[in-house]
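User: I'd like to go through the labels on this model and check what stands behind each of them. Can you take me through them?

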Amino acid sequence: MKTQNLILAATVAGLCACASAPDIVAEKNPAYADASYSRILVHVDGPSQEWHECLETFLIHELDRFGVQGIPGHQSAGGASGDVEAVLVVTVGDAGVREDWVQQRSMTDTMSSNTLVSFGSSVSGSSSGSAPAQCKTTEQTGAGFTRQTPWAVIVTSIVDKNSRETVWKAATEFEGATRSNFEDLRHNYARTIAKKMAEDGLW
């Protein structure tokens, strides 16, 4: 008899995966269909100074990947924003940590082989006349754990500096990977939103 034990968690793949990029539904002002910017003031309205500083830093880094110069919002008072073309406004709404209970399960595969007695000797396996080996799977419920996933609802807008009209806007709930933290979520947001704005022709 051969026994194999396989310990499975319901979300073992999710524990190792990175945060998935959400589908972003954005609106672009038809009057600015051809608008494109290369120097942006980044203004973040977050629930804390940490949110403010992290999002500014991450966004400026991601904008640079597309050849766009990002100016931190806190430098605007010093005149650094004098020649910017638009303002990237980020407003963080609700944010928190979602908790889910994950039940662990144990699956046991038991392989059994029939024995054929022939001419006074025992023969195992698939000898002529013997039945094939059989596999039986037994599932048992074991201990579980709490899975914590950070999330935040973030509204992003591009406002033209001269007209002060909203050129582009999107509101999306971002979710981090399991066992990640808010810094991972903020980085994921900055990378995803910068790419989306590039796809929509804003730079």
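This is a predicted model: local features need pLDDT of at least 70, side-chain atom pairs count only at pLDDT 80 or more; totals for chains, interfaces and linings use all residues.

**Labels and their cut-offs**

User: What makes R186 count as lying over the face of W51?

Analyst: R186 lies over the W51 ring at 4.7 Å from the ring centre. Residues are numbered from 1 along each chain as its sequence is written, and side-chain values use heavy atoms, leaving out hydrogens and water.

User: How many aromatic pairs turn up in the whole structure?

Analyst: Two. One of them joins F174 and Y189, at 5.1 Å centre to centre with 85° between the planes.

User: Why is the F174 and Y189 pair called edge-to-face?

Analyst: Ring centres (Phe, Tyr or the six-membered ring of Trp) must lie within 6.5 Å; planes under 30 degrees apart are stacked, over 60 edge-to-face, the rest tilted. With 5.1 Å and 85°, F174 and Y189 therefore pass as an edge-to-face pair. F174 sits in strand β9 (residues 166-175) and Y189 in helix α3 (residues 182-199), so the pair ties together parts 15 residues apart in sequence. Helices (H or I, at least four residues) and strands (E, at least two) are DSSP runs numbered from the N terminus.

User: What does Y189 touch beyond its sequence neighbours?

Analyst: Leaving out residues up to four places away, Y189 contacts L55, L59, V90, I154, T156 and F174; contact means heavy atoms within 4.5 Å.

User: Why is T192 called buried?

Analyst: T192 has 14% relative accessibility. Buried means under 20% relative accessible area, exposed over 50%, partly exposed in between (1.4 Å probe, protein chains only), so T192 is buried. T192 is found in helix α3, whose buried residues also include L185, R186 and Y189.

User: How do you know that α3 has about the span expected of it?

Analyst: The expected span is 1.5 Å times one less than the number of residues. α3 has 18 residues and reaches 26 Å from its first C-alpha to its last, close to the expected 26 Å.

User: And what follows just after α3?

Analyst: There G201 takes a positive phi of about 80°.

Notes
A charge sits over a ring if NZ of Lys or CZ of Arg is within 6 Å of the ring centre and within 35 degrees of the ring normal.
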